[in-house]
Amino acid sequence: MIIDAHSHILSLAEDPAFTVEYGREGSLCIYRSMGLLPAHRMPTEEEWEGSGYTGAGWPVIGPKESVRDHVGFDKSIILAVSPQRLDGRLIGTVDTDRILDVEGPPNPEKCNDYIAACVRAEPAQLIGYGSVNPAYEGPQAAVEELERSVVELGLSGIKLYPMYQHWLVNDPELAFPIYEKAQQLEIPVMIHQAGSTRIDASLELGRPALLDDIGRTFRDLRVIIAHAGWPWVDEALFLLTKHPNFYAELSYLIASISRRDLFLLLSRCEPMFVPLEKLFFGTDYPGFLYDPVKLKDKLLSVNEEAAPCSMPPIPEDKLEGIMGTNVARVLGLAPD
């Protein structure tokens, strides 16, 4: 089974132009490092157009486009973005083109309804995770929305964005009620505890070590560390060593390092007491340069680096597990 454990869908605000600008901000460093944009000053509109990537940072795609671009995949997990205020604007997952069966004008407060509608549109291939923001209307409202998302909408997990929404992931009053409800509902919680190229995102809120309090308090909660904690990868991996129900997915990281570095990373996991069964393949599609097929091929071909590194190859069944079976087991889609 081949599964993309981390992908996005639809727009990020009611104004599609904002989604383009949001993508530009996050991808500026990427295209500068490729020599496509000037690094000593902000690029002009003409330079953005000339790069060929002016709208590639966070393109707006729907369920059909997601399936189309995941050639060879069995399923993809699509993640909601819960509402928050950014520069005076309400943002979050929204169906600006009204392609889904969700009534009423586009509004980020209906982010989970949109994800559920995407799953209904492509039920064989899309798995939906909802999202809540306890700093938006308070923890009680977040808990109620979480329960509605799972019980009424049928979503399979939840994604949280503390560093973007400016709340502490280990805040007992704000965050712990969410984990308690998720544990009760027996769903996994994916948390963006990693870096970000967004200027407004708070790096000090993104350290993976902050998750330790969650693992100590909610022993049965399944926690997925998004992006393997990149750039604090070792910190994230040690949490996988310490907490039996902690996992990590590789999106963003897998696109940011070379194939050889990916091979070396996977090779040192088990000597660090991190079972490779705790890792999931993910892409962060459709953002930036995150082509699902190319990234799949990158992971499945890492053993071509074994001989040049004078190291043993990674067992093929371990790579196949990372590609999808591992997350399928956590979601109950594959036998233990």
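**Close-up views of salt bridges**

**View 1. Arginine 148 and aspartate 113 form a salt bridge, with their closest N and O atoms 2.8 Å apart.** Welcome to this predicted model. Arginine 148 sits in helix H6 (residues 139-151) and aspartate 113 in helix H4 (residues 111-121), so this pair ties together parts that are 35 residues apart in sequence. The cut-off for buried is under 20% relative accessible area.

**View 2. Within helix H9 (residues 212-217), arginine 216 and aspartate 212 are separated by about one helical turn, because they are four residues apart.** Here too the two side chains form a salt bridge, and the closest N and O atoms are 3.6 Å apart. Aspartate 212 counts as buried, at 18% relative accessibility, whereas arginine 216 is partly exposed, with a relative accessible area of 44%.

**View 3. Lysine 242 meets aspartate 212 in a salt bridge of 2.8 Å, N to O.** Lysine 242 belongs to helix H10 (residues 233-242) and aspartate 212 to helix H9, so the pair ties together parts that are 30 residues apart in sequence. Lysine 242 is partly exposed, at 42% relative accessibility.

View 4. For the model overall, the count comes to 20 salt bridges.

How values were computed. Residues numbered from 1 in each chain as written. Predicted model: local features only at pLDDT ≥ 70, side-chain atom pairs only at ≥ 80, totals over all residues. Heavy atoms only, no water. Salt bridge = Lys/Arg side-chain N within 4 Å of Asp/Glu carboxyl O. Helix = DSSP H or I, 4+ residues; strand = E, 2+ residues; numbered from the N terminus. Buried < 20%, exposed > 50% of the residue type's maximum accessible area, 1.4 Å probe, protein only.
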